[in-house]
Amino acid sequence: MEELMTDDTCATLLLCAFQGGEKEHLPLTVDEYNRVAHTLHRSDQRPSDLLGSVLITDVSHEAEIQQDRLAWLLDRRINLGFTLEQWYRAGIWVLSRSDLHYPACLRKNMGNQAPPLIYGTGHQHLGHQDTLAIMGPDSISNARISKVGDMAEDLADQQKTVVTIGALKLGKKVVQSVYEHGGRVLWVLSGGHLKLRLKKPYRQAIRDENLTMIAMQSPATPSTSDEEAALSQVAASQADEILYVDGVNSKDIAKRVDRYQAFRAALNRPSQCSVFHGQKLTPEAQELLKSGASSWDQKSVDGPNTDANPSEGKESSHQGDLFG
């Protein structure tokens with residue numbers, strides 16, 4: 001940590017952070033925490049005021065959260081001390097929405113849905129300028145992912161900060177391409193994937209302040225916890241522009257759900273989004289282009305089409321200036 005933890009952040013951690021061992025009472029969700037925060041705000045109170053026991057009854061009633069649950073979460077202070085020491089030794093820091101270094105762009109672009117807490121490793125100042133987010137589903141052809149790697153290298157050479165999501169092949173390819181060319185990358189991950197900081201190339205990039213990993217839930221969050229939905233929105237909110245990498249068409253419902261979150265984040269800002277696609281567009285890519293996103297056609301980028309999913313039919317002819 002670069003500064004002492006405030007009492008507000010301590011209270012938010014008690015309310016919202018998994019520390020391990022939570023069974024009967026789970027930490028608050030974003031919506032539940034917002035109800036607590038609004039209740040406190042109406043009475044000119046702050047989260048730190050919950051560290052005393054006087055307010056719990058009234059707050060639990062007005063925020064519609066069980067009093068036993070609220071009291072149990074707030075009573076984890078001793079265990080929180082041990083947990084924080086473990087995280088700090090591992091190089092993991094924590095920011096709450098009330099902290100100075102919490103990204104203003106998240107408050108601005110996400111409003112009340114901005115995560116109450118951010119966990120990260122690497123450089124803590126996240127308000128980069130000249131940023132581009134690269135996101136898309138997991139079901140992307142290898143040829144397109146390779147070309148995205150080339151694009152990421154160009155972005156690194158131009159000193160742009162690249163934001164990407166997830167620990168599967170697209171996210172890993174973007175991170176590798178950027179840090180190998182000395183660029184800066186912000187990697188938005190699930191809490192459990194912060195352990196990737198231990199891998200040798202990532203450790204070096206973190207030491208060079210070229211890589212920051214952040215998560216919306218703690219490293220102790222169970223892998224079954226639903227965090228994936230927030231990753232794309234957080235990544236998009238941190239960037240000036242978005243590159244949506246189109247996937248492949250599939251009747252597999254799991255693959256369609258897998259691409260939806262990144263699509264939704266891009267659809268919120270179509271005028272600032274470019275779609276990188278092959279000959280056959282998914283319904284999501286078609287919707288983005290209809291909404292005003294620019295087209296970045298793989299065929300025009302690398303000559304004859306090498307995508308694994310050719311089709312008849314024509315693509316949008318509008319070509320966006322992807323790198324500004």
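Let me start with the aromatics: a search of the whole structure finds three aromatic pairs. By pair I mean rings of Phe, Tyr and Trp (its six-membered ring) with centres within 6.5 Å; planes under 30 degrees apart are stacked, over 60 edge-to-face, and the rest tilted. A pair of aromatic rings is described by the distance of the centres and the angle of the planes.

Before the details, the ground rules. This is a predicted model, where local features need pLDDT of at least 70 and side-chain atom pairs count only at pLDDT 80 or more, while totals for chains, interfaces and linings use all residues. Residues are numbered from 1 along each chain as its sequence is written, and side-chain values use heavy atoms, with hydrogens and water left out.

Back to the rings. Trp 87 and Tyr 119 form an edge-to-face pair. Their centres are 5.6 Å apart, with 85° between the planes. Trp 87 sits in helix 5 (residues 77–89) and Tyr 119 in strand 2 (residues 117–121), so this pair ties together parts that are 32 residues apart in sequence. Helices (H or I, at least four residues) and strands (E, at least two) are DSSP runs, numbered from the N terminus.

Are these two residues buried or exposed? Trp 87 is buried, at 5% relative accessible area. Tyr 119 is buried too, at 1%. The cut-offs: buried is under 20% relative accessible area, exposed over 50%, partly exposed in between (1.4 Å probe, protein chains only).

Next, Trp 187 and Tyr 202. The ring centres of Trp 187 and Tyr 202 are 5.2 Å apart and the planes stand at 70°, so the pair is edge-to-face. Trp 187 is in strand 5 (residues 184–189), and Tyr 202 is in helix 9 (residues 200–207). The pair links distant parts of the chain, 15 residues apart. Trp 187 counts as buried at 0% relative accessibility. Tyr 202 counts as buried at 7%.

Now the overall picture. The protein has 13 helices and nine strands. Of its 324 residues, 52% are buried. Contact means heavy atoms within 4.5 Å. Among contacts with a separation of 6 or more, 70% are between residues 24 or more positions apart.

How confident is the model? The average pLDDT is 85, and 85% of the residues score at least 70. pLDDT is the predictor's confidence in each residue, from 0 to 100. Over residues 303–324 the pLDDT is below 50. That stretch still has 49 contacts in the model beyond near neighbours in sequence. Where pLDDT is low, the predicted coordinates should not be read in detail.

On to helix packing. Two packed helices are described by the angle between their axes and the distance between the axes. Helix 7 and helix 8 (residues 169–180) pack at about 35°, with axes 8 Å apart. Axes are lines fitted to C-alpha atoms, for helices over the stretch in contact, and angles run from 0 to 180 degrees between N-to-C directions. Helix 7 passes helix 8 in a right-handed crossing.

The contact residues divide into seven nonpolar, four polar and three charged. Here Ala, Val, Leu, Ile, Met, Phe, Trp, Tyr, Cys and Pro count as nonpolar, Asp, Glu, Lys and Arg as charged, and the others, Gly among them, as polar.

Now the loops. Most residues other than glycine have a negative phi. Asp 44 has a positive phi, near 55°. Asp 44 lies in the loop between helix 2 (30–42) and helix 3 (56–62), and is exposed at 72% relative accessible area. Gln 159 also has a positive phi, about 65°. Its loop runs between helix 7 (142–157) and strand 4 (161–165). Gln 159 is partly exposed, at 49%.

Arg 46 lies in the loop between helix 2 and helix 3. Arg 46 is partly exposed at 45% relative accessibility. Leaving aside neighbours within four places in sequence, Arg 46 is in contact with Asp 8, Leu 40 and Ser 98. Arg 46 and Asp 7 are 39 residues apart in sequence, yet 9.4 Å apart C-alpha to C-alpha.

Last, Ser 271. Ser 271 is in the loop between helix 11 (253–267) and strand 8 (273–277), exposed at 67%. The C-alpha atoms of Ser 271 and Ser 294 are 7.6 Å apart, across 23 residues of chain.

Conventions:
A crossing is left-handed if the near helix is turned anticlockwise from the far one by less than a right angle, and right-handed if clockwise.
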